[in-house]
Amino acid sequence: MKSTKPLLLLLLILSFSLDTLAQEPEFTRADTLRGSITPQRAWWDVTFYDLHTKVQPSDSTISGWNQITYRVTEPQNGRRMQIDLIQPLQLDSIVQQGQQLDFTQEGDAYFVDIPYAQHTGQTYTIIAWYHGQPVVAKNPPWDGGLIWKTDTQGNPWIATANQGIGASVWWPNKDHQSDEPDSMGIHITVPSSIKNISNGRLRDTTRHGNGTTTWSWFVNNPINNYNVAVNAGNYVNFSDTLQGEGGTLDLNYWVLEPYLEQAKKQFVQTKPMLRCFENWFGPYPFYQDGFKLIHTPHLGMEHQSAVAYGNGFQNGYMGTDLSGTGWGLTWDFIIVHESGHEWFGNNITTKDVADMWVHEGFTNYSENLFVECLWGKQAGAEYVIGTRKRIQNDRPIIGTYGVKQEGSGDMYYKGGNLLHMIRNIIDDDHRWRQILRGLNRTFYHQNVTSAQVEQFISKRSGIDFSNVFDQYLRHANIPVLEYYFEDGNVFYRWNADVVEFDMPVEVKLDTELMTIIRPTTKEWRSSPYMNPSNELVNSKDYYIRKEQVKK
């Protein structure tokens with residue numbers, strides 16, 4: 001009888017290969033067009049958008065035009081420009097210097113032929129006209145698009161939430177996170193029975209004879225495309241001011257009329273939150289545009305200067321504590337988390353969505369700092385440590401570059417715990433605060449890479465965290481501290497994906513004090529062990545695994 005071992009081995013190899021293929025996503029040309037700096041995107045930089053959109057709840061359509069002002073940054077590649085607009089919306093025409101330009105369509109990308117000379121360093125303008133029924137959000141804000149709702153009084157209640165799918169789900173633009181306009185005009189026309197609240201400051205309203213009104217807003221600062229927002233409903237307003245680090249900050253709150261009193265009680269959390277974040281991160285980044293909380297028919301989004309709120313005027317995350325510690329029920333998750341993005345996500349924006357942990361990890365960590373501001377350092381630590389049970393360690397936090405692919409959802413809780421751990425390794429809260437403030441000052445209103453942020457933290461702390469960042473961001477697994485006992489000593493080393501992983505960690509070598517040890521992956525190291533416990537206990541501030549092994 002022939003041996004079955006070769007066949008079994010072949011089946012195992014085939015099974016492994018299929019599993020590997022199942023784990024590795026297959027990217028398409030459409031992914032590349034959405035996620036990369038194509039030659040048709042590379043030669044021009046957006047300086048200003050002037051968006052005019054009519055929103056019609058009667059038939060769930062939108063129409064209008066976007067005037068795009070851009071600067072030529074390098075010689076053109078074939079005089080073609082890529083403009084993005086997601087189907088089923090239709091691009092009707094592109095106009096420059098009064099002439100309609102030719103264009104071709106490939107999926108959600110339009111390639112426009114520019115017949116005029118475009119000189120490096122000069123600015124030019126095109127106008128993109130469009131119309132149609134946009135994608136309706138299935139599960140906003142995660143599965144985004146347009147949200148068409150009615151309130152309890154039967155009034156239209158409309159919003160946009162499109163971070164994942166992209167801003168081109170409702171308006172034509174250069175839909176790549178690396179390019180933001182320096183400022184923006186937003187003109188939204190809605191039925192006169194409702195109001196539209198967008199980003200920035202209200203310039204004017206124009207009432208038309210056909211029963212519609214145009215609300216014209218102006219954003220004085222650079223803004224991510226996905227942050228540009230429509231919020232249309234039967235809103236009422238109340239306001240306040242904050243004397244902050246940057247002067248007087250205008251605070252405006254827009255809520256549906258029946259919820260006015262609830263909002264006045266719940267939104268008192270705004271000022272303590274802003275004071276806390278200014279202390280840790282530096283001045284609010286958008287004083288010129290003010291700060292708004294806007295009641296929306298979805299849970300919430302970090303729309304710049306126009307934070308979307310839909311948490312039901314209650315503490316916690318829809319009434320629950322994500323940490324399981326009780327601390328998460330002492331404050332409103334959406335007010336705190338989405339506002340934290342004003343510093344990390346809106347002020348500091350990643351060039352590629354693969355690095356989105358910079359947005360979500362730091363903002364998750366901001367929750368920890370807010371708890372600390374309210375209840376002290378121990379409470380903040382308990383909160384962030386409590387969120388670990390939600391970490392999956394399923395795939396790396398950093399995604400694939402150039403194809404609009406985010407990394408694991410662990411970017412939230414694992415990212416926050418990584419930052420908490422780094423703070424403890426630095427062991428100097430004054431320096432840590434200066435690092436966080438320095439990030440927002442150094443990269444003020446800039447688009448960055450994860451590598452830039454990582455290098456900044458290493459340089460300002462005086463500690464090389466490159467191996468730590470590589471392990472926690474670019475690998476799914478967390479490091480394992482292997483150890484065994486012998487002759488009154490504990491022997492230890494790291495088992496990690498990063499070959500020269502060498503993170504220090506605090507452990508209890510006796511019955512009282514925590515001691516810093518410095519394991520590596522290269523060799524077993526040892527320390528005297530005077531603790532009667534047969535388990536090596538580490539500080540909970542370190543997010544690691546431990547495994548007692550045989551010698």
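**A walk through one predicted structure**

By cavity I mean a set of points, on a 1 Å grid over the protein atoms alone, where a 1.4 Å probe fits but cannot get out. Before going on, please keep in mind that this is a predicted model, where local features need pLDDT of at least 70, side-chain atom pairs count only at pLDDT 80 or more, and totals for chains, interfaces and linings use all residues. Residues are numbered from 1 along each chain as its sequence is written, and side-chain values use heavy atoms, with hydrogens and water left out.

Back to the cavity. The largest cavity holds about 160 Å³ of space, a volume being the space filled by probe spheres set on the grid points. What lines it? There are 17 lining residues, meaning residues with an atom within 4 Å of a point. Nearest the centre are Asp175, His176, Gln177, Val353 and Lys404. The lining divides into three nonpolar, seven polar and seven charged residues; charged here means Asp, Glu, Lys and Arg, nonpolar means Ala, Val, Leu, Ile, Met, Phe, Trp, Tyr, Cys and Pro, and the others, Gly among them, are polar.

Next, please find helix α10, residues 429–442. Helices are DSSP runs (H or I, at least four residues), and strands are too (E, at least two). The 14 residues of α10 reach 19 Å from first C-alpha to last, close to the 20 Å expected at 1.5 Å a residue. At its start, a side-chain oxygen of Asp428 comes to within 3.2 Å of the backbone nitrogen of His430. Among the buried residues of α10 are Trp432, Ile435 and Arg437, where buried means under 20% relative accessible area and exposed means over 50% (1.4 Å probe, protein chains only). The cover over the buried residues includes α5, β21, α7, α9 and α11.

Finally, Thr152 sits in the loop between β9 and β10. Thr152 counts as exposed because its relative accessibility is 66%.

Notes:
1 Å grid on protein atoms, 1.4 Å probe; cavity = no way out; pocket = protein on both sides within 12 Å on 5 of 7 lines; lining within 4 Å. Expected span 1.5 Å × (residues − 1). Contact = heavy atoms within 4.5 Å. Polar contact = N/O pair within 3.5 Å; in protein donor to acceptor, adjacent residues only side chain to side chain.
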